[in-house]
Amino acid sequence: MIGLLIQDNAYEQDIRELLMSFYPGEAYAHEVKDGVSFYVESRLGEGEVSLRIWERAERAADGEEALLTDCPPAPTESDRACPPSGLEGWRCVSHGSRKTDLSDRTETKNVVKKLFYQMLVQRTGKELPWGSLTGIRPTKIALSRLMEGWREEDIRSFMKETYLASDEKINLCIEIGAREKELLAPLDYERGYSLYVGIPFCPTTCLYCSFTSYPVSKWKGRTGLYLDALFKELAYTAGRMAGRPLDTVYIGGGTPTSLEAEELDRLLERMEELFDTEHALEFTVEAGRPDSITREKLSVLKAHGITRISINPQTMNQKTLDLIGRRHTVDMVKEKFYMARELGFDNINMDLIMGLPEETLEDVDRTLEEIRALSPDSLTVHSLAIKRAARLNMFKEEYSGLHIVNTPEMIERSAACARSMGMKPYYLYRQKNMAGNFENVGYARPGKACIYNILIMEEMQTIAACGAGTTTKVVFPKENRRERCENVKEVEQYIARIDEMMERKDRIGL
């Protein structure tokens, strides 16, 4: 357990996120109590940020010389002798302070994180590929500056100095930022918008999943109730967005192809009646789980002009598929992929996850060989993130024996595989609790990138979202302001409170 004695709560989350990166899985205490291995203390005052790490005196004496270096400065005798109340008998083993303009929250946050990152590197002997960056959208740093006219070398210097990120990750950010700038150039940020539709059903719930999804078998014969509520929200949204160009459409979930073919047809027909989907730059439907795909469903998607689908194996190792609850076979992935090709789909994405339970580098290599043989049009490589709502976390005692590891080699080989198929990285995001502190990267062949994926990460255009568990984001470009509202996750609640979901959108100015 790690103790947090934080003076200003505005920076507690930043300190905690760095601790999670260096000490994954640890619990935290906000007061002096038994069982704490060390305490982190922060103080802000008189234009200065000050951070200290306290250990029990006997433990600190053992490793003191190895811990203390000149950057950040070594604790003085007064540092060591003045512990906070309740920590009598504890000793400061690491102390750092920096001058900053405390009235500037952004500057102060960066100073806190950089200083604390240096202290944790000093303490653990380990560096992180992203340095002190813990946010989920690191490419925003590069893209925003490219759009302001910064030179790439100046962005590189800024990210190195401010965040201490590795050259590899900085170069990846800049490469993706430049590609995003090019792909987003045709969009009208002020008037244009994107539409997301959530289908919260799946064949089964995967072990790692935290998305809004419910086993479709439990809704057998009742999914029409959900569609009726969804159509009401879609009609409301169409009225609010009337006259504005619709740039991208994305139907996700869950697994949209959990619906029956007739229900998919009904959904797409209703969307075509309400929105000008024909002139959208792209229309994606996540076919996702191969065990939800049929020829009839793919034919429905094709008939409605869907331009992009995802068929997501996550891994091509059967033992892992069985372990994580995917309930489909490797051969089924291939069968459904070739079926989609036969029906004329020329933009198929596949998702992979690095760091799945019990997977080794050899398992990853086998998956990449299978994917290369299929030759999809885009590949999204995720690093496993175990979120609070995932079964891996909710029932952690049951799964405590599972070996979960992600390595730089896994990330590097997946990137090399994508590039060997003529793909280039076009969007990137990170999640908390990621195995290995890495990132998710989307790769695509020329002309096959998913613009919606960029928009959801860079937050440069309004995304109107309909369905249980979805989030609408309204962008006001002239004011540099963003508002968001969330729909309830429970399907029964969504159906019962659909009028409230629309009122929430009214309040944020959709």
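Helices and strands here are DSSP runs, helices of at least four residues and strands of at least two, numbered from the N terminus. Keep that in mind for the labels on this tour, and remember that you are looking at a predicted model.

**The whole chain**

Start with everything shown. The chain carries 18 helices and 18 strands. Of its 510 residues, 55% count as buried. Now look at the contacts between residues with a separation of 6 or more: 75% of them come from residues 24 or more positions apart.

**A loop to begin with: S258**

Select S258, which sits in the loop between β9 (246–253) and α9 (261–274). Is S258 buried or exposed? Its relative accessibility is 10%, so S258 counts as buried. Show what surrounds S258: once neighbours within four places in sequence are set aside, its contacts are F201, C202, P203, V216, S292 and K297.

Stay in this loop and step back to G254, which is also placed between β9 and α9. Check the peptide bond joining G253 and G254: the bond is cis, with omega at about 20°.

Zoom in on β1 (residues 2–6) and β3 (residues 38–45). These two strands run parallel and are joined by five bridges. For a landmark, pick I6, which stands opposite S42 in β3.

Now bring the helices back.

**Two helices crossing**

Select α7 (residues 167–184) together with α16 (residues 451–458). Their axes come within 11 Å and cross at roughly 115°, so α7 and α16 are roughly perpendicular to each other. The crossing of the pair is left-handed.

**An enclosed strand**

Move along to β14 (residues 424–429). Why call β14 largely enclosed by the rest of the structure? Because five of its six residues are buried. β14 pairs with β15 (residues 440–444) in the antiparallel sense, over five bridges. Pick P425 in your viewer and look across to Y443 in β15, which stands opposite.

- L164 has phi near 60°. L164 is in the loop between α6 (152–163) and α7, and with 27% relative accessibility it counts as partly exposed.
- E358 has phi near 70°. E358 lies in the loop between β12 (348–354) and α13 (361–374), and at 34% relative accessibility it counts as partly exposed.

Terms used:
Residues are numbered from 1 along each chain as its sequence is written. This is a predicted model: local features need pLDDT of at least 70, side-chain atom pairs count only at pLDDT 80 or more; totals for chains, interfaces and linings use all residues. Side-chain values use heavy atoms; hydrogens and water are left out. Axes are lines fitted to C-alpha atoms, for helices over the stretch in contact, and angles run from 0 to 180 degrees between N-to-C directions. Angles under 35 degrees count as roughly parallel, over 145 as roughly antiparallel, 65 to 115 as roughly perpendicular and the rest as oblique. A crossing is left-handed if the near helix is turned anticlockwise from the far one by less than a right angle, and right-handed if clockwise. Buried means under 20% relative accessible area, exposed over 50%, partly exposed in between (1.4 Å probe, protein chains only). Two strands pair if DSSP finds at least two bridges between them. Contact means heavy atoms within 4.5 Å.
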